[in-house]
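The following note comments on the fold and on selected local features. Please read the numbered points alongside the display below.

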Amino acid sequence: MQDIDLSIAQGQFSHFMGTPVDETMTTGDLMDAVQRQVVERRTRVRDIMADIARLQSAHNSVVSINRLPADLLTTIFTFVLTASEGNASLIRISHVCAHWRGVALGAASLWTRIALNHPDGIETFLLRSKTLPVHLSLTTFRTPVKTSLKLITSHIDRIRCLNIRVPAPVDLEFVTHRLKLAAPNLVSLSIEKIQSHRRVERTQPRERTKPTVFEEMPALRTLHLCNVPLLYIPKGPNALRSITLHHNLPRLHPFLTLLESSPQLEMLCIHGTFNGDQERSTRQVALPRLKSVHMRLFPPQGIAALLSALSPSKGVSITIAAHLDIVDDFEDVFPNVPHEPARALDVFAGSLRRLELIWDDLELTLRAFRGADEFCVPALQVGAVHWGPRPGRRFLGQWAFDTARVETLVVCGNYSRLYGRDTAVAWEHWFEAFAALPALRTLRLMSLGDKTLQQVFVALEEEPFCARLETLELLDVAASERVAELVRYFVTRRVQSGALRHVDLFSAGERLAGLLRANALIYHQLGMDLTIDDDEVKA
């Protein structure tokens, strides 16, 4: 049987070679002969491929783009990399042709932005970037990552921007310790521990280590920590421009120390559970360059503590999102004026021109703008999430900021014709609100039910508030016969006094529209324009 198989193999080999083979050839001799032919042909293939490569290289050398100087071609590569994310484009560029690869490998600046996860890839980029400062980003959802982290820390002295996103179980203390020792070129630091399921924190997390002050990161401009405790505070005055802290927040006093050490701070963002033990502080932190503040905190007393301590620039924009517990109210977001004034809101004195008050079944939203007709970017926005919130102090009247020059007030309630909802607001709150708006010129009332609308005009008639009121707008409101008559009486009196010039009704109900339409001629003669459902009524 073996002789038959050998004979067949000898015949196939003889046919392939085109020459007869020795019939006395053994199996071993045949295998050696075949192997020699394989090696010979592979060598010829390599030689042919090398010839093809040389021909292609000759062809590429006369292509227009390859005739450019190497530094200009490097610049083109740089633009390609700037328009793309990650390192895939650079890797593809370095495999187009031998010339491009040589240019790319010789340009260390192309390899200074590293967004890889595997330690071999990171090490390759670090070697090719030579001694230049690098921007390094590591994002991985798997463990272990210690090899990559150790590789990063070994080059920490030349890292300019460092972005680390790793699973929660990874211990980053050796990374932060290395940063503390020597990171002279670090400008931006972002560390995030990824948590697959976030549990809402209702108590202040216990700090394992009290933050310590150090001075080995002189160039740091941006600090972003998420689910990572604040272990070190750059010694002041430091160069920080932006601070973002999400969850696992420090206590009040270390946080104020961080802010005091950052006089050049321009942006502050803080999310999570803060000051749950309701610490108090009389410290006042001046941040003359602060332009933007974002706070999303629980409990609201943490927000109040910061508003009491901060003293930002006059052009600052403050956005607050408060999660209220069952025992909290909107007024708890602000310090207890006058015992603990909201110093952070003093910068709005005399500058606010437009105020918006919006509520629904779950949230109260207060927005204040520096322009009377501005509605895009508020100077102050406070949103409080609560089950069934009711407008009250600090939201409607007794504001913690100056409203003396507010010219436009927009009120939007939760009234719905379909469901008939109407969160009634006591007239005392409206009384306090209108008393604090002496410069009001435009009043827009939206989505208010009959009960609330009645309290609004009762408060307006209680005292001669808002004597400069020129425009009254009612949109999607419900008015009973009694309330419609109350509105007509108010409009008539204000028109006769010579102040009210425009009244606009949109989906305000036929009852109210009919009463005002009946007096349209008189109003027009007194100089007031009446618009009902987009149809201007004139004499």
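1. Serine 507 is partly exposed, with a relative accessible area of 41%; buried means under 20% relative accessible area, exposed over 50%, and partly exposed in between, computed with a 1.4 Å probe on protein chains only. The phi of serine 507 is positive, about 55°, although the residue is not a glycine. Serine 507 is found in the loop between strand S20 (502-506) and helix H14 (510-518). Helices (H or I, at least four residues) and strands (E, at least two) are DSSP runs numbered from the N terminus.

2. On the basis of the model: this is a predicted model, in which local features need pLDDT of at least 70 and side-chain atom pairs count only at pLDDT 80 or more, whereas totals for chains, interfaces and linings use all residues. Residues are numbered from 1 along each chain as its sequence is written, and side-chain values use heavy atoms, with hydrogens and water left out.

3. On the chain overall: the secondary structure comes to 15 helices and 22 strands. Of the 539 residues in the chain, 45% are buried. Among contacts (heavy atoms within 4.5 Å) between residues at least 6 apart in sequence, 69% join residues at least 24 apart.

4. Glutamine 398, a residue other than glycine, has a positive phi near 50°. Its place is in the loop between strand S16 (380-385) and strand S17 (408-412). Glutamine 398 is partly exposed, with a relative accessible area of 31%.

5. Two cis peptide bonds should be noted. The bond from glycine 236 to proline 237 is cis, with omega near -5°, and proline 237 is found in the loop between strand S7 (232-234) and strand S8 (242-246). The bond from phenylalanine 298 to proline 299 is also cis, with omega near -5°; proline 299 lies in the loop between strand S11 (292-298) and helix H10 (300-309).

6. How do H12 and H13 pack? The axes of helix H12 (residues 450-462) and helix H13 (residues 481-496) come within 10 Å and cross at roughly 30°. Axes here are lines fitted to C-alpha atoms, for helices over the stretch in contact, and angles run from 0 to 180 degrees between N-to-C directions. The angle makes H12 roughly parallel to H13; angles under 35 degrees count as roughly parallel, over 145 as roughly antiparallel, 65 to 115 as roughly perpendicular and the rest as oblique. The crossing of H12 and H13 is left-handed, a term used if the near helix is turned anticlockwise from the far one by less than a right angle, with right-handed used if clockwise. Residues of H12 including Leu453, Phe457 and Val458 meet residues of H13 including Leu486, Val487 and Phe490. By class, this contact of H12 with H13 has nine nonpolar, one polar and five charged residues. Ala, Val, Leu, Ile, Met, Phe, Trp, Tyr, Cys and Pro count as nonpolar, Asp, Glu, Lys and Arg as charged, and the others, Gly among them, as polar.

7. H12 also packs against helix H11 (residues 427-435), at an angle of about 50° and with the axes 8 Å apart. H11 and H12 are therefore oblique to each other, and their crossing is right-handed. Trp427, Trp430, Phe431 and Phe434 in H11 meet residues of H12, among them Val456, Ala459 and Leu460. By class, the contact of H11 with H12 has eight nonpolar, two polar and one charged residues.

8. Helix H3 (residues 70-82) and helix H5 (residues 98-106) pack at an angle of about 85°, with their axes 10 Å apart. This makes H3 roughly perpendicular to H5. Ala70, Leu73, Thr74 and Phe77 in H3 meet His99, Trp100 and Val103 in H5. By class, the contact of H3 with H5 has five nonpolar, two polar and no charged residues.

9. Which residues of H5 are buried? They are Trp100, Val103 and Ala104. These residues cover an arc of only 95° around the axis, which puts them on the same side of H5; the arc is that of the directions from the helix axis to the C-beta atoms. The buried residues of H5 pack against H3 and helix H4 (88-93). The face of H5 turned away from its buried side carries the exposed residues Ala98 and Gly106.
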